[in-house]
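Dear colleague,

I am handing over the structure we spoke about. My notes on it follow below.

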Amino acid sequence: ALAVAESEPELASKLIARAINTVPLAMHEFGPDGAYPEGVSYWGYGTTFNVILISALQSTLGTDFDLSRQPGFLATANYMLHMFGPTGLPFNYSDAGSRESGLHPAMFWLAAASHDRAVLWTEYSKLEKLQLAGDRADPFLPIWMETGLTRPAAPPPLHWSAGGLTPVAVHRTGWDANAVFVAIKGGSPATNHAHMDIGSFVVDADGVRWADDLGMQDYNSLESKGVDLWSRGQDAARWNVFRLSAAAHSVLTVNGERQRFDSKASIVKSTATETTVDLSETYQGQLSGAKRTVQLGQDRTVTICDEFTSSNPNSVRWAMLTRAEVKIGKNGRATLTRDGRELELRVLAPANAVLKIYPTDPPPNPTDAPNPGTRLIGFEIKTEAGARQQIRVQLVPASARK
């Protein structure tokens with residue numbers, strides 16, 4: 001419409017006005033703090049087109065009609081900055097890819113609009129590797145990228161959290177490649193592209209991702225086999241896909257049941273060293289008063305603490321997905337090894353926990369993709385109705401033991 005406005009002014013003005021009036025309906029998703037509900041992969045898709053629209057309005061009409069002032073929109077650059085760990089891997093919750101994400105040209109526009117070059121820290125890491133996304137957005141890089149290739153100084157904040165449909169929080173010891181990084185999410189399985197991964201977390205330390213996520217399964221591999229991937233509700237066919245189920249994530253599962261589809265988990269506390277997510281609705285009818293806290297210690301250890309009361313006699317499984325090799329030891333301890341590095345997993349509570357490895361081979365189902373090189377480490381506890389329970393697991397990277 002902008003391109004043909006001179007020759008078709010009446011039609012163009014109608015289309016442009018409609019865009020300006022309706023795109024805020026989608027931009028409300030960025031509020032209040034910039035977190036993108038559908039995860040980093042769909043951030044690249046949706047936010048890039050949003051930036052293209054605003055940039056085109058500014059360059060042709062001299063105004064964006066305050067679209068860039070929508071709550072959380074400019075702040076969303078901080079979301080993308082913080083969602084990447086020191087390994088270069090994203091916190092790939094929901095339908096996000098499991099490996100490294102390419103360069104995002106929209107980040108350069110957002111950095112200029114917010115006058116904050118620090119948000120480009122991760123993007124420059126990709127630029128130095130010429131790690132382009134290889135998609136339709138790459139041609140915008142020379143338009144929006146600043147002149148020169150000077151890497152920005154490391155961003156000052158080591159902790160970041162945001163509310164919204166999918167609340168997230170991040171803690172890290174620094175911005176170097178060997179820093180310790182932990183990220184956790186709340187939210188709801190009812191959000192677009194969501195998994196039953198409420199309360200899940202990822203952990204990087206010493207250049208290795210230790211707590212991981214399988215990520216999405218290719219849509220065509222499911223839809224071509226007749227899977228109703230976009231069905232909704234507690235009993236939707238979507239939750240039969242292993243990678244999307246609670247069983248495949250680093251979350252609590254109760255009696256092997258699903259998390260509540262219509263629930264919402266909020267961040268109720270987030271400080272420089274710890275974040276707490278209220279999971280009470282997530283496990284409604286299974287657990288009550290359920291909360292999960294992640295803590296990053298000054299000694300570079302990460303502690304995951306779950307506190308809950310059982311609604312009924314339950315079998316509760318704690319599990320963490322990893323691509324590391326696992327050797328189970330005694331007294332609730334295990335050694336994880338990957339890429340020549342080590343991390344020790346210690347069950348601090350309950351004292352009688354017996355660690356085991358759960359396979360990530362999906363159930364006998366021709367629609368599920370294999371998950372080679374991955375496994376879940378965890379344990380199960382039996383609880384009585386009304387009994388209060390605390391689970392505390394500590395992850396100790398080798399650098400924390402020196």
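Strands β12 and β13 form a hairpin with four residues between them, and N331 in the turn has a positive phi of about 55°. Helices (H or I, at least four residues) and strands (E, at least two) are DSSP runs, numbered from the N terminus. The model is predicted: local features need pLDDT of at least 70 and side-chain atom pairs count only at pLDDT 80 or more, while totals for chains, interfaces and linings use all residues. Residues are numbered from 1 along each chain as its sequence is written, and side-chain values use heavy atoms, with hydrogens and water left out.

Strand β12 covers residues 325-328 and pairs with β13 in the antiparallel sense over four bridges; two strands count as paired if DSSP finds at least two bridges between them. V326 stands opposite L336 in β13. L336 also stands opposite L343 in β14. Strand β14 (residues 341-349) runs antiparallel to β13, and six bridges join the two. This second hairpin has two residues between its strands, and D339 takes a positive phi near 55° there.

In a regular strand the side chains alternate between the two faces of the sheet. Buried means under 20% relative accessible area, exposed over 50%, and partly exposed in between (1.4 Å probe, protein chains only).

Elsewhere there is an open sheet of four strands, in the order β6-β11-β16-β15, with antiparallel pairing. Its edge strands, each pairing on one side only, are β6 (253-254) and β15 (356-359). Strands β11 (residues 314-322) and β16 (residues 375-383) pair over nine bridges, and T322 has R375 in β16 as its bridge partner.

The loop between β15 and β16 holds D368. D368 is buried, with a relative accessible area of 10%. Leaving aside neighbours within four places in sequence, D368 is in contact with Q217, N240, V241, F242, P362 and P363, contact meaning heavy atoms within 4.5 Å. Q217 and D368 are 151 residues apart in sequence, but their C-alpha atoms are 8.1 Å apart in space.

Now the helices. The axes of α2 (residues 40-61) and α4 (residues 106-114) come within 9 Å and cross at roughly 55°. Axes are lines fitted to C-alpha atoms, for helices over the stretch in contact, and angles run from 0 to 180 degrees between N-to-C directions. The two helices are therefore oblique to each other (under 35 degrees counts as roughly parallel, over 145 as roughly antiparallel, 65 to 115 as roughly perpendicular and the rest as oblique). Their crossing is left-handed, that is, the near helix is turned anticlockwise from the far one by less than a right angle.

On the α2 side W43, T47, T48, V51, I54, S55 and Q58 meet A106, M107, W109 and L110 in α4. These residues divide into seven nonpolar, four polar and no charged. Ala, Val, Leu, Ile, Met, Phe, Trp, Tyr, Cys and Pro count as nonpolar, Asp, Glu, Lys and Arg as charged, and the others, Gly among them, as polar.

In α4, A106, M107, F108, W109, L110 and A111 are buried. The buried residues of α4 pack against α2, α3 (76-82), α5 (121-128) and α6 (141-144).

Regards
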